[in-house]
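Dear colleague,

I am handing over the structure below, and after it you will find notes on a few residues that I looked at. Please read them with the model open.

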Amino acid sequence: MLHTFVALVQDKPGVLTRVASLFRRLNINIVSLTVGESERTDVSRMTIVCEAPDTAAHRIRASLYKLEITVDIDEVGRSEAVIRELCLIKVAAGPKTRSQIFELANVFRARVVDLAPESIMLEMTGAASKIEGLVQVLRESEYEILEVSRTGRMAMRRGFHTSRVLKALGSAPPKQTVPDFGTKPEPDEILPNEFADVHEEEEYDVTEAVDDHGEEG
């Protein structure tokens with residue numbers, strides 16, 4: 001079974017050799033290993049894909065933690081992370097077969113990055129299964145594949161980092177922002193109702209007015 005580990009390690013010489021030697025001692029095969037810069041200048045990011053039983057995953061993670069060069073280690077699954085790979089494929093193609101390779105590249109959403117009189121270079125980014133599917137179709141179609149270069153898998157967990165990873169990176173977790181609906185005014189700040197002290201006028205009795213007028217007459 002394939003396991004994907006994302007390791008943050010110190011950026012200094014000999015780190016790659018230490019990690020590779022660890023897997024050699026554990027007798028575990030590395031399928032792909034990608035190393036590059038991270039969000040910190042003194043920390044490198046390694047994505048390690050290895051083939052090992054499920055029972056060995058915990059042992060691999062614990063062994064990587066024991067290395068003093070390791071800042072943090074995380075095992076990510078396919079459902080909880082975005083995993084991508086970049087591949088360059090150079091195919092032999094003449095004037096008669098170029099259009100067919102162009103159509104095949106469009107089906108797999110690959111890009112043509114170089115066009116020579118006798119070859120075409122395709123660039124493809126996606127899951128490993130998608131890249132392997134393109135290579136298989138090219139071979140089954142009897143196109144001659146001249147060169148294949150794959151970067152290996154790169155993985156990043158979806159959503160926010162966990163607090164443990166943020167602590168290892170030396171940054172604080174993001175604070176949740178609460179929408180401001182305005183502050184409630186104090187009682188003395190409330191404007192008085194100018195009509196509160198005004199009483200309703202007494203009803204004017206029409207019959208009394210008529211009687212008074214009659215008595216005067």
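This is a predicted model, in which local features need pLDDT of at least 70 and side-chain atom pairs count only at pLDDT 80 or more, while totals for chains, interfaces and linings use all residues. Residues are numbered from 1 along each chain as its sequence is written, and side-chain values use heavy atoms, with hydrogens and water left out.

Val 9 is buried, at 2% relative accessibility (buried means under 20% relative accessible area, exposed over 50% and partly exposed in between, with a 1.4 Å probe and protein chains only). Val 9 sits in strand β1, residues 2–10 (strands are DSSP runs of E with at least two residues, helices runs of H or I with at least four, numbered from the N terminus). Although 60 residues separate Val 9 from Ile 69 in sequence, their C-alpha atoms are 5.5 Å apart. Leaving aside residues up to four places away in sequence, Val 9 touches several residues, including Val 15, Asp 42, Met 46 and Ile 69 (contact means heavy atoms within 4.5 Å).

Ser 63, in helix α2 (residues 57–66), is also buried, with a relative accessible area of 14%, and a polar atom of its side chain lies 2.8 Å from the backbone oxygen of Arg 59.

Asn 27 lies in the loop between α1 (15–25) and β2 (29–37) and is exposed at 71% relative accessibility, while Glu 142 lies in the loop between α4 (128–140) and β8 (145–150) and is exposed at 74%.

Terms used. Polar contact = N/O pair within 3.5 Å; in protein donor to acceptor, adjacent residues only side chain to side chain.
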